Amino acid sequence: MKTKNFFGVFLIFLCTIGFISCSDDDPKFHLELSKNSCEVMQGRSVAIELTTHENTTLEIENSDLIEVLYTWGFGNFKAKIEIKGKQKGKTDIVVTDHETGESMTITVKVKEYPMPRLSVDHPKVNIFDRMDFYLSTEGSQSINASDLSAVCDSMVWTANGLKGSFRVFEHGEGEGWASSRLTLKWGHCFMYPGEYKTYLTAWKDNKAIYRHQLDISVANSKDFLTYNWSDITKDSQAWSTYADVFKSSPQLMITYGLGGTTPFVEVRLFSGSFAQSYQALYDYFSQLYFAPTYEDTTEKQKMWKLYDELFSTHKKEGYPVAIWVTERANIILLMQDEAMDYSDYVIYAEPKKQESALF
């Protein structure tokens with residue numbers, strides 16, 4: 001029995017020694033890091049574990065490159081440093097344990113975030129055909145708003161020769177709030193032919209920090225706008241409108257049909273006043289096909305005769321304002337009086353007649 005009692009006292013004594021040896025005042029305790037260098041990507045985080053006293057501070061050489069969070073109290077004087085990459089570069093973190101006076105340095109390399117690239121399903125289309133653009137990356141790298149918000153404030157899509165822009169990504173934050181919006185895929189219809197250079201540009205603090213260029217080609221190779229005459233075999237049941245994320249072109253809407261056996265296409269302005277309707281249609285077709293071949297300002301006495309000569313007997317009614325004669329289409333701008341208090345302009349097009357007394 002004594003032996004047992006002595007053994008119990010001996011155990012208590014050992015535990016007391018163990019407790020004392022783990023105290024903060026132990027002179028044998030030292031600052032330790034799980035590693036003294038690391039790599040982190042912009043927008044991503046890594047963690048370094050350390051053994052230290054609570055009274056420990058961190059000094060960041062360049063706070064523009066990284067953001068650091070120090071957490072102490074995981075038991076046995078364990079702590080953690082979470083490092084988030086902000087901008088590409090290299091910097092140091094000096095860790096100082098003020099209980100022991102020890103300091104150690106962590107070297108951090110911030111790798112550049114693999115910014116999205118601009119891609120398109122079909123790089124060559126006809127005017128009015130929808131082009132589907134999207135963001136892509138090399139490999140399996142995902143694209144998300146959280147990562148992008150750490151790298152840039154916004155990403156904008158533009159095209160040379162066109163006004164306006166489309167904001168693909170935007171991030172904003174303030175006291176107690178933060179919001180982001182990301183568009184991974186969008187459609188756009190080009191209304192003028194040409195070779196376009198399109199750009200995806202990332203902005204940070206009102207400075208362009210990244211740009212990717214994608215070249216596309218838009219042709220005007222069909223008989224009239226987006227149609228070949230042979231494709232029109234029945235009347236359309238609706239008017240079609242076209243995607244324009246730049247909002248830089250007139251909002252045109254189109255329908256088609258058969259006048260007897262003659263295919264036709266009509267074009268109107270989606271919305272706008274009487275004057276705006278005339279100006280938008282006149283300007284667009286003048287830019288697409290140059291100046292009208294005939295115009296009521298110079299051929300006023302001949303316009304009705306020209307209308308009868310160039311178009312079928314099923315032509316649309318209205319006052320002929322301007323006529324364009326192209327390689328494959330006869331096009332006329334008509335003023336229509338559809339009601340006593342309402343009038344509007346419409347473009348009407350038919351296949352070009354092969355033979356005419358006028359040519």
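**Notes on the predicted chain**

1. Start with strand 7 (residues 89-97) and strand 8, which run antiparallel and are joined by nine bridges. Strands here are DSSP runs of E with at least two residues, and helices are runs of H or I with at least four, numbered from the N terminus; two strands pair if DSSP finds at least two bridges between them. Within this pair, Asp 92 has Thr 107 of strand 8 as its bridge partner. The hairpin of strand 7 and strand 8 has four residues between the strands, and Gly 101 takes a positive phi near 80° there.

2. A word on the model: it is predicted, local features need pLDDT of at least 70, side-chain atom pairs count only at pLDDT 80 or more, and totals for chains, interfaces and linings use all residues. Residues are numbered from 1 along each chain as its sequence is written, and side-chain values use heavy atoms, leaving out hydrogens and water.

3. Now look at the other neighbour in these notes. Strand 2 (residues 37-41) runs parallel to strand 8 (residues 102-111), with five bridges between them. Here Met 41 stands opposite Lys 111.

4. Which residues are buried in helix 5 (residues 303-310)? They are Met 303, Leu 306, Tyr 307 and Leu 310, where buried means under 20% relative accessible area (1.4 Å probe, protein chains only). These residues lie on the same side of helix 5 because they cover an arc of only 105° around the axis, taken from the directions from the helix axis to the C-beta atoms.

5. Finally, step back to the whole chain. It has five helices and 24 strands, and 41% of its 359 residues count as buried.

Technical notes. Buried < 20%, exposed > 50% of the residue type's maximum accessible area, 1.4 Å probe, protein only.
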